[in-house]
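Colleague: I'd like to learn how to read a helical model from its coordinates. Could you walk me through one, feature by feature?

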Amino acid sequence: MKEKLIRFMQGRYGVDQLYRFIFFLALVLMIINTFLRNPMLNLVVYALLILDIFRMLSKNHSARYAENQKYLQLTAKFRYWLDQQKKLWQERKYHHIYTCPKCKQKIRIPKGKGKIMVRCPKCHFEFQKRS
């Protein structure tokens, strides 16, 4: 059975980031619709799932690739912001992140050093903070 599925999917586009987003969106709308019981929302969910299946089974690689690239371009800033927030969250155990009061540059200071004078690397403004 596994070999038959592999042979069937050969030459087809498959799964990409846009597919995952549409599938997740359909799943969230489906969960919301279990409480609302709205038939129009149900149609939207079905349309999204059909679009997802169409994209996954498509043999037109160039069109699907272009759609995915457009999606990645539109969401690039948001994905970058999420990565930055994830990085800051992981560093919070060993560092404080302060913002320069003059130029708003973020500055990373190691924890456990007491009160220290911080010099902004961008504008060279000095201010005192607890680490």
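Colleague: Happy to start with a helix: what should the 19 residues of helix α3 span at 1.5 Å a residue?

Modeller: First, the ground rules: this is a predicted model, where local features need pLDDT of at least 70, side-chain atom pairs count only at pLDDT 80 or more, and totals for chains, interfaces and linings use all residues. Residues are numbered from 1 along each chain as its sequence is written, and side-chain values use heavy atoms, with hydrogens and water left out. Helices are DSSP runs (H or I, at least four residues), numbered from the N terminus, and the expected span is 1.5 Å times one less than the number of residues. For α3, residues 39–57, that should give 27 Å, and the end C-alpha atoms are 27 Å apart, which agrees. Helix α4, with 14 residues, reaches 20 Å from its first C-alpha to its last, close to the 20 Å expected.

Colleague: Which residues of α3 are buried?

Modeller: Buried means under 20% relative accessible area, exposed over 50%, and partly exposed in between (1.4 Å probe, protein chains only). In α3 the buried residues are Leu41, Val45, Leu48, Asp52, Arg55 and Met56. Seen down the axis of α3, they fall within an arc of 100°, so they line one face of the helix; the arc is that of the directions from the helix axis to the C-beta atoms. Pro39, Met40, Leu43 and Ile50 are exposed on the other side of α3.

Colleague: What covers the buried residues of α3?

Modeller: Contact here means heavy atoms within 4.5 Å. The cover includes α1 (2–9), α2 (17–36) and α4 (61–74). Val45, for one, touches Ala26, Leu29 and Met30, not counting residues up to four places away in sequence.

Colleague: And which residues of α4 are buried?

Modeller: Those are Arg64, Asn68, Tyr71 and Leu72. They cover an arc of only 100° around the axis, which puts them on the same side of α4. They pack against α2, α3 and α5 (76–91), while the face turned away carries the exposed residues Ser62, Gln73 and Leu74.

Colleague: How many residues does the largest nonpolar core have?

Modeller: A nonpolar core is a set of buried Ala, Val, Leu, Ile, Met, Phe, Trp, Tyr and Cys residues joined through side-chain atoms within 4.5 Å. The largest has nine: Leu18, Ile22, Ala26, Leu29, Leu41, Val45, Leu48, Tyr71 and Leu72. Helices α2, α3 and α4 each supply at least two residues of this core, and α2 gives the most, with four.

Colleague: Last one: how many aromatic pairs does the structure hold?

Modeller: A pair of aromatic rings is described by the distance of the centres and the angle of the planes. Rings of Phe, Tyr and Trp (its six-membered ring) pair if their centres lie within 6.5 Å; planes under 30 degrees apart count as stacked, over 60 as edge-to-face and the rest as tilted. The structure holds four such pairs. In one of them, the rings of Phe78 and Trp81 have their centres 6.2 Å apart and their planes at 25°, so the pair is stacked.
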